Amino acid sequence: LKRCDDAATEFDIYGDKVGTCGSTSAGVLKVVVGNLQENIKQNKNSKTAMSPAHDFLTDFQLSSLNIDVIFQAWLSRRIDKDNFDLRFATCEWMANNLEYIANHIPPSHPREFVETPFHISPITISALVMSTLAITVTAVTAFLLSGIPTCQSISAMRLSVRKNSQIEFVNMLLTGIFFVTLGALLLAMAPSKGACIASAWLLNVGYTLVLVPTLVRVSAIIKVIKAGKKFRRVTVDKKKLVMTSIGISAFAALFCLLWTVFDPMIVQEEASIDVETRNDLGETVTSVSYASHCESSSDVWYWARSVWQCLLLGSGSALAFQLRSAPKIVNDSRELALMIYSSFMFLILRSGLQVVSSSLTETSLTKSTLQKAQSIFWSIDSIVNVCIYFSKFFRKDETDKQQNRPGNVGYNNDQAEPGLHPNPPPPVERGEEKVEESE
């Protein structure tokens with residue numbers, strides 16, 4: 001400094017005496033608890049909502065000269081040396097050096113926390129619209145099959161469904177799709193503890209009801225066809241097939257029960273930064289919006305559900321391949337294959353969202369947004385399944401063909417079901433065989 005030169009004049013000597021020539025200045029060491037930084041890194045709370053105290057403490061530095069100034073003010077006050085004087089001297093120094101202290105405050109503070117209503121998000125609106133549409137499509141399909149409409153075309157379509165697909169299994173399939181659409185609607189709505197748990201039950205049990213009854217029915221058809229090739233008359237215990245479907249679906253309910261008991265889905269809140277503005281004092285004001293989503297403490301449950309769905313889809317693919325040579329009256333291989341492939345595609349998309357959600361850190365993308373995206377995929381998957389499975393029954397040419405086809409449906413008292421007898425040839429001396437179906 002020029003004031004330290006031997007030739008310095010009185011005009012060169014200015015400022016505080018502290019820090020003049022010969023005085024050394026060194027940074028004061030800070031004593032911090034060792035695990036403070038580790039706790040900050042491992043904290044599950046969003047950094048958006050956390051205090052900036054750690055960042056400020058890391059950046060802020062006092063020199064030995066600053067400490068000397070505070071101590072001199074403390075000792076010169078002489079009013080309450082052992083108590084208030086030191087506090088007053090420290091606060092006075094901070095007031096005199098407020099601009100220096102403000103430079104160490106993180107740029108996004110102070111923050112104004114503003115809660116954004118969940119329904120204004122575009123993806124939330126899209127999820128609500130898609131889930132409502134899926135419920136409507138499912139309800140309309142169930143209404144057309146209920147027997148209430150009496151017009152000729154709808155009656156012919158309903159008769160075709162009864163002949164080809166066994167109405168009990170169709171009812172279970174529609175019930176499963178309806179459960180899935182309700183679960184998707186709950187994911188799209190504002191989450192609560194009850195809604196989170198109910199969505200897990202509806203999605204898991206519903207998805208199982210969509211696939212298992214169809215797989216059990218197709219498995220029975222394949223066994224009947226194999227027996228027919230050996231010139232054997234076959235009767236099918238329909239009640240046993242229905243109970244098998246319900247029994248397998250009960251495993252999904254048991255899984256949901258274990259999930260609910262040991263690691264229930266709860267509401268988790270997260271915050272995200274929307275905009276940053278400046279107030280009249282020049283301070284940065286950051287608007288932070290809150291969002292909520294359903295989440296369990298462990299991801300094992302989500303992946304166990306995905307593995308179960310993969311097993312069902314894999315079984316369906318194998319059965320669809322075996323059913324390809326069945327008579328057209330009972331051949332659902334094309335529809336089943338399309339359902340399997342489309343469901344598998346949406347399963348991959350949902351699994352990808354789950355991977356992103358599990359590895360998500362501090363980004364503009366929130367877990368609530370990903371949950372709404374999953375709701376959209378569940379809804380679209382349900383709509384596609386309804387369209388694929390029931391589209392052929394709504395086609396007039398196919399309905400007329402099935403309605404006017406003679407001698408293509410077999411009946412056998414109360415145990416036999418229309419559509420399970422692919423015109424077997426007359427019985428031969430090998431006798432009769434009763435095939436009891438299982439899964």
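Which residues in helix 8 meet which residues in helix 10? E168, F169 and M172 of helix 8 meet K238, L241, V242, S245 and I246 of helix 10, where contact means heavy atoms within 4.5 Å.

## Basis of the model

This is a predicted model, in which local features need pLDDT of at least 70 and side-chain atom pairs count only at pLDDT 80 or more, while totals for chains, interfaces and linings use all residues. Residues are numbered from 1 along each chain as its sequence is written, and side-chain values use heavy atoms, with hydrogens and water left out.

## Helix 8 and helix 10

Helices (H or I, at least four residues) and strands (E, at least two) are DSSP runs, numbered from the N terminus. Helix 8 covers residues 167-188 and helix 10 covers residues 238-262; the two pack at an angle of about 15°, with their axes 10 Å apart. That angle makes helix 8 roughly parallel to helix 10. Axes are lines fitted to C-alpha atoms, for helices over the stretch in contact, and angles run from 0 to 180 degrees between N-to-C directions. Angles under 35 degrees count as roughly parallel, over 145 as roughly antiparallel, 65 to 115 as roughly perpendicular and the rest as oblique.

Helix 8 passes helix 10 in a right-handed crossing. A crossing is right-handed if the near helix is turned clockwise from the far one by less than a right angle, and left-handed if anticlockwise. The residues of this contact of helix 8 with helix 10 divide into 5 nonpolar, 1 polar and 2 charged. Here Ala, Val, Leu, Ile, Met, Phe, Trp, Tyr, Cys and Pro count as nonpolar, Asp, Glu, Lys and Arg as charged, and the others, Gly among them, as polar.

## Helix 6 and helix 8

Helix 8 also packs with helix 6 (residues 122-145), at an angle of about 160° and with the axes 9 Å apart. Helix 6 and helix 8 are therefore roughly antiparallel to each other. The crossing of helix 6 past helix 8 is left-handed.

On the helix 6 side, the contact residues include T124, A127, L128 and S131. Those on the helix 8 side include V170, L174, I177 and F178. The residues of the contact of helix 6 with helix 8 divide into 14 nonpolar, 6 polar and no charged.

## The disulfide and other cysteines

The structure holds 1 disulfide, a term for a pair of cysteine sulfur atoms within 2.5 Å. C196 and C294 form the disulfide, with their sulfur atoms 1.9 Å apart. The link of C196 and C294 is left-handed, with -75° about the S-S bond. C196 lies in helix 9 (residues 193-229) and C294 in strand 3 (residues 284-295), so the pair ties together parts that are 98 residues apart in sequence.

C196 is buried at 0% relative accessibility, and C294 is buried at 8%. Buried means under 20% relative accessible area, exposed over 50%, and partly exposed in between (1.4 Å probe, protein chains only). C310, at 35%, is partly exposed, and C387 is partly exposed at 44%.

A291 is placed in strand 3 and is partly exposed, at 22% relative accessibility. Not counting residues up to four places away in sequence, A291 touches Q268, E269, E270 and S368. The C-alpha atoms of A291 and P191 are separated by 9.6 Å, although these residues are 100 residues apart along the chain.

Q309 is found in helix 11 (residues 300-322) and is buried, at 2% relative accessibility. Leaving aside neighbours within four places in sequence, Q309 is in contact with Y207, L347, R350 and W378.
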